[in-house]
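Hello,

Here is the structure I promised to pass on. Please load it before you read the notes below.

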Amino acid sequence: MKMRKILIDDRLREIAKKYAKKLFVSRDDEFQRPLAILTKLHDDIPAKEIKYRQYVDKIITEYEPILSATPDKMRTLIREFDALNVDVNRKIPNKKIKFYEAIVSAMRYDALRDKESIPYLKNSGIRVCVYCNSQYALTVENIYYRYTKKRKIRKQVRERKALLELDHYYPKSVYPFLCTSFFNLYPVCSSCNRSKSDSEEIFFELYTENTVQNLNTFNFRIDDESLVRYKTCKRCSVLKFGFEAINSRDNDLKEGHNKIFCIEGIYKTQQDLAVEIIIKSDIYTPAYKKSLLTSFGSAICDESMLNRLILGNYSKEEDIHKRPLAKFTQDLAIQLGLI
Ligand SMILES: [Zn+2]
């Protein structure tokens, strides 16, 4: 489930191209680069295993287009790689690990997570889990660095680092060649990542190139009856929320994803936030907001910034991936006429 799809515009396409060109370029000489490791992997595969050699060779020759592949291009690549009929779960001769593990390791997904993922994905504007929108897509992990000198381990250093938690839309155990592709990496929170890996559901894609499609898929809403009850008794525990598909054909999708990520369960805990939005909608009437804007002057604060200050969160729908609970906050604020 995505709270909102992201349109691949020229800016995002450029970011992906730059990412493909510059990935690992800034690393020092000791760093083993994907193309070098892939070439060695190719040469280590016995000549009779021709399909496996072709698979690796295709990654080498199309390395940059694979890294910057848009969803349509990824689908084309999947058809082409599938046509090679390779069993990626097989342990290829001369290797103790499965073929897909060898590919993921050669493409340096580990190193990408460690260093490059944060700056590049920061550019894409996503900081919050794309599945639940309730938590930052960050995790803290131990990273071990081995400093070597003339092939002897000099020392091992442990560092705790804040990393982006990433989910592969196309799993790396099935499509290892897409393990470092920009548009295949979805920032997610740890609990959604765990929930998704246990599930076999089909997911909507986060990114789209379809400019006419409605990018919003779901909406939150305060149940009308519970709102009336709250206004009478002022107890926040009576508030109930609906989580609805905007288009009825997405109802099954909504049900499935609600089950996997427990969306209603997560948002049921946000009654206090809803109360604040209800009170703000009483205080910040259109006339009061207008007077605030007049007294600030547009140089200090425009309408969108005033809405953001009032909400304590982003007020434009294209910004929902920037801060936790932005989608919930915006939907309720719109329902109550606050923004
Ligand atoms: Zn999440």
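At what angle do helix α12 and helix α15 pack, and how far apart are their axes? The model is predicted, and in it the angle is about 35°, with the two axes 10 Å apart. Helix α12 covers residues 271–283, and helix α15 covers residues 326–335. The crossing of α12 past α15 is right-handed.

From α12 come Leu273, Ala274 and Ile277. They meet Thr329, Leu332 and Ala333 in α15. By class, this contact has five nonpolar residues, one polar and no charged.

Domain 1 puts 17 residues into the contact, and domain 2 puts in 14. On the domain 1 side, eight of the residues are nonpolar, six are polar and three are charged.

Last, confidence. Mean pLDDT for the protein chain is 89. A score of at least 70 is reached by 93% of the residues. Which elements mark the two ends of the range? Helix α4, residues 63–67, has the highest mean pLDDT, at 98. Strand β2, residues 138–149, has the lowest, at 71. Where pLDDT is low, coordinates of a prediction should not be read in detail.

Best regards

Notes:
Residues are numbered from 1 along each chain as its sequence is written. This is a predicted model: local features need pLDDT of at least 70, side-chain atom pairs count only at pLDDT 80 or more; totals for chains, interfaces and linings use all residues. Two residues are in contact if their C-beta atoms, placed from the backbone, lie within 7 Å. Ala, Val, Leu, Ile, Met, Phe, Trp, Tyr, Cys and Pro count as nonpolar, Asp, Glu, Lys and Arg as charged, and the others, Gly among them, as polar. pLDDT is the predictor's confidence in each residue, from 0 to 100. Helices (H or I, at least four residues) and strands (E, at least two) are DSSP runs, numbered from the N terminus. Axes are lines fitted to C-alpha atoms, for helices over the stretch in contact, and angles run from 0 to 180 degrees between N-to-C directions. A crossing is left-handed if the near helix is turned anticlockwise from the far one by less than a right angle, and right-handed if clockwise.
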